[in-house]
Structures are given as C-alpha cells and as structure tokens.
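Here is a short report on one protein model. Please look over the sequence and the fold before reading on.

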Amino acid sequence: VRDVGDLVILPGVVDAGARFGECPGLGPGSHSDCWEGFETGTKAAAAGGITTTIDLASLDAPLERANDVRGRAALAARSAAIDVALAIRLEADEARGGAPAEKMSAALAARAAE
C-alpha cells in the first residue's frame, strides 16, 4: 500500500480515437499536411494519463493491404511511448475480383500466432 495523500490513483485511459501522422524528413514547424507522429503524440498522451491509443487509419491513406498494416505496426512499435492498436477496415474487393479482406485477416492471424 502506498500513501499518496490527497492524490487519486486511476487506471490508465484508452484513447479510442487517436490519429497519428508521420512526416518522414520533415522537422518540427514544417508546413505540410502532416500532423503529430507516434513519438510526440504518444508522449503527449502519456502525460495526460493515457496508456493505450487506437490509431484510426486516415481516409486519405487507408491501410488497404497486409503490408500497409505491418509497416504501420512496425512504425508504431519503434516510435510509440505507450501501447498503440491499429484500427483498420476490411472490405471485400469485388471490383478486383477478389476478397483481400479475408486474405488480410488470415495473414494477420498467422503473423499474430508466430
């Protein structure tokens, strides 16, 4: 038991609607359409008591292929100061004659089992 006086200890908070942008080669203050990346965004979140974020894929750059998801997950793993989950949307791709959603689900499940 730890006496923390008048302070209140709460469990970590999950931010279920975070959006992190990465701007390769651009430093702070650069003018671009990029926004806060995993490193600074998750450090700021941690300072506010958030222990986990769910990164929502951008509508302008959706995670459409398994490699996109793997790349984004690797970037978060290298840069994030707290736990990050990725929110992705899986759809059948009838226009291309296939159903990559099922293939991606299978690929991600196989990767998770490794």
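The sections below cover the sheet, the helix and an aromatic pair.

## Basis

This is a predicted model: local features need pLDDT of at least 70, side-chain atom pairs count only at pLDDT 80 or more, and totals for chains, interfaces and linings use all residues. Residues are numbered from 1 along each chain as its sequence is written, and side-chain values use heavy atoms, with hydrogens and water left out.

## The sheet

An open sheet holds 3 strands in the order β1-β2-β3, with parallel pairing. Strands here are DSSP runs of E, at least two residues; helices are runs of H or I, at least four; both are numbered from the N terminus. Two strands pair if DSSP finds at least two bridges between them. β1 and β3 (83-87) stand at the edges with a single partner strand each, so one side of each lacks a neighbour in the sheet.

β1 and β2 (residues 50-56) pair over 4 bridges. Asp 15 stands opposite Thr 53 in β2.

## Helix α1

Just after α1, Gly 49 takes a positive phi of about 95°.

## The aromatic pair

The whole structure has 1 aromatic pair. Phe 20 and Phe 38 form this tilted pair, 5.2 Å centre to centre with 40° between the planes. Rings of Phe, Tyr and Trp (its six-membered ring) pair if their centres lie within 6.5 Å; planes under 30 degrees apart count as stacked, over 60 as edge-to-face and the rest as tilted.

Phe 20 lies in the loop between β1 (13-18) and α1, and Phe 38 in α1, so the pair ties together parts 18 residues apart in sequence. Both Phe 20 and Phe 38 are buried.

Terms used
Buried < 20%, exposed > 50% of the residue type's maximum accessible area, 1.4 Å probe, protein only.
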